[in-house]
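Subject: A structure for you to look at

Hello,

Here is the structure I promised to pass on. Please open it beside this email and follow along as you read.

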Amino acid sequence: LEGFVIPGYTRGVQKLYPDLFRGKVMSTVRMGQVTAILCITPVAGWALDHVGYRTLFPVASLVGIASVFLFMRMRIEEGSLPPRQTKALTELVEIVRGDRRFGIYLLSFALLGVGTMLSWPLYPLVQVDRLQLSYSQIGLLGLVESCMWLISYLVWGRYLDGRGGVAVMRAVCAVSMITPLSYMIAWSGWLLIPAALARGIVMGGFELGRINAGIQLASRERITEYAVIQSTVVGLRGIFGPQISVALLGAGFSDVTIFALSASVMAIAWLIFGLVNAPTPAKESAEIQQSS
C-alpha cells in the first residue's frame, strides 16, 4: 500500500518545491529523516530486548499516524486542475508508446532494477556462507551504509538542481555497479566496505532521482500518470527480478556469475540512460518563464 500515495506525493513535491531549488530542499528533508533513523535504531534495539515487539510496533504505528496528520496540515496551492483524462490501463500504455523519451527512460529504469534485484538475494549468502561474518560485523556494514546514505544527500541535492533527475538516475546506475562487483570478488569482510558505501550513496540518489526524473520528463498536467507508470515498473521488477536470480541458482549458476550478470545489466542501463534527452532544471525553468 506504500505505492498508493506515490502519485499524489510526486505532484505535491512538484507544487511545493520550486524547480531550481527542489534538490536542496528535498535533500535537507531526507537528511532529517535519515538522522532520525540513525538515532532511533539503538533505542528500538533496546526496546525490542526489554519490552518486546508487542509494545514497540503499536508505538511505531502511532508515530506513523501522527505523521499523516502533519501531512494533512500542509496546504498546497494547485490552482485549477485539468480534468483527468486517464481512465484505463490502456491509456497509461499509450503514454509510454506516445512519449518515446519516457519510454527509453522506463527501459533503462527497468534494467537498473532488474540488475539490482538479480544480486539482492545473494548478499546475505555471501555474508554468511562465504565470509561467515558475525552479527556485529554485518551491523557495522549497515552503520557504514546508513552514514553514507546521510552524507550523500549533501551531494545529490546540488547535483539534482544542476543536472536534473535523469542525470541523477544515470549516476546512481554507475555507482550501483560497485556493489555486485565488490561481492563478486570478496574474500574478506573488509572488501564489502566499498559495497556498503555504494549502497548508501545509491539509496539517497535513487529516492531523489526517481521522483524528480518523473517530474522532469512528464508534462506538467500529467505528472500523476507518469508517477503511476514509474511506480508500476518498480513493483514489477521487484517481483520478477529476485525470481530470476533464484532460478539461475537452481540451474547451477554460481553467485560470481550472477553478480557479473547483475553488473552487466546495470552497465546496459547506464548506456541507455545516456540516450534520454531531458532539459536541465535551469533551462526548463527559463523556458517556462518565457512562455508565461
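Let's start with a pair of helices: helix H1 (residues 6–16) packs against helix H10 (193–217) at an angle of about 70 degrees, and their axes are 10 Å apart. Axes here are lines fitted to C-alpha atoms, for helices over the stretch in contact, and angles run from 0 to 180 degrees between N-to-C directions. H1 and H10 are therefore roughly perpendicular to each other (angles under 35 degrees count as roughly parallel, over 145 as roughly antiparallel, 65 to 115 as roughly perpendicular and the rest as oblique). On the H1 side, the contact (heavy atoms within 4.5 Å) is made by Ile6, Tyr9, Thr10, Val13 and Gln14, and on the H10 side by Arg210, Ile211 and Ile215. By class, these residues divide into 5 nonpolar, 2 polar and 1 charged (Ala, Val, Leu, Ile, Met, Phe, Trp, Tyr, Cys and Pro count as nonpolar, Asp, Glu, Lys and Arg as charged, and the others, Gly among them, as polar).

A few notes on the model. It is predicted: local features need pLDDT of at least 70, side-chain atom pairs count only at pLDDT 80 or more, and totals for chains, interfaces and linings use all residues. Residues are numbered from 1 along each chain as its sequence is written, and side-chain values use heavy atoms, with hydrogens and water left out. Helices (H or I, at least four residues) and strands (E, at least two) are DSSP runs, numbered from the N terminus.

Now compare a second pair. The axes of helix H8 (residues 165–176) and helix H9 (residues 178–185) come within 5 Å and cross at roughly 0 degrees, which makes H8 roughly parallel to H9. Ala174, Val175 and Ser176 of H8 meet Ile178, Thr179 and Pro180 of H9. This contact has 4 nonpolar, 2 polar and no charged residues.

Which residues of H9 are buried? They are Thr179, Pro180, Ser182 and Tyr183, where buried means under 20% relative accessible area, exposed over 50% and partly exposed in between (1.4 Å probe, protein chains only). Seen down the axis of H9, these residues fall within an arc of 160 degrees, so they line one face of the helix; the arc is that of the directions from the helix axis to the C-beta atoms. Their cover includes helix H5 (100–119), helix H6 (123–130), H8, H10 and helix H12 (255–273).

Not counting residues up to four places away in sequence, Phe102 touches Leu217, Tyr226 and Ile229.

Finally, two single residues. Gln230 lies in H11 and is buried, with a relative accessible area of 4%. Leaving aside neighbours within four places in sequence, Gln230 is in contact with Tyr105, Leu106, Phe109, Arg210 and Gly214. Although Gln132 is not a glycine, its phi is positive, about 50 degrees.

Happy exploring!
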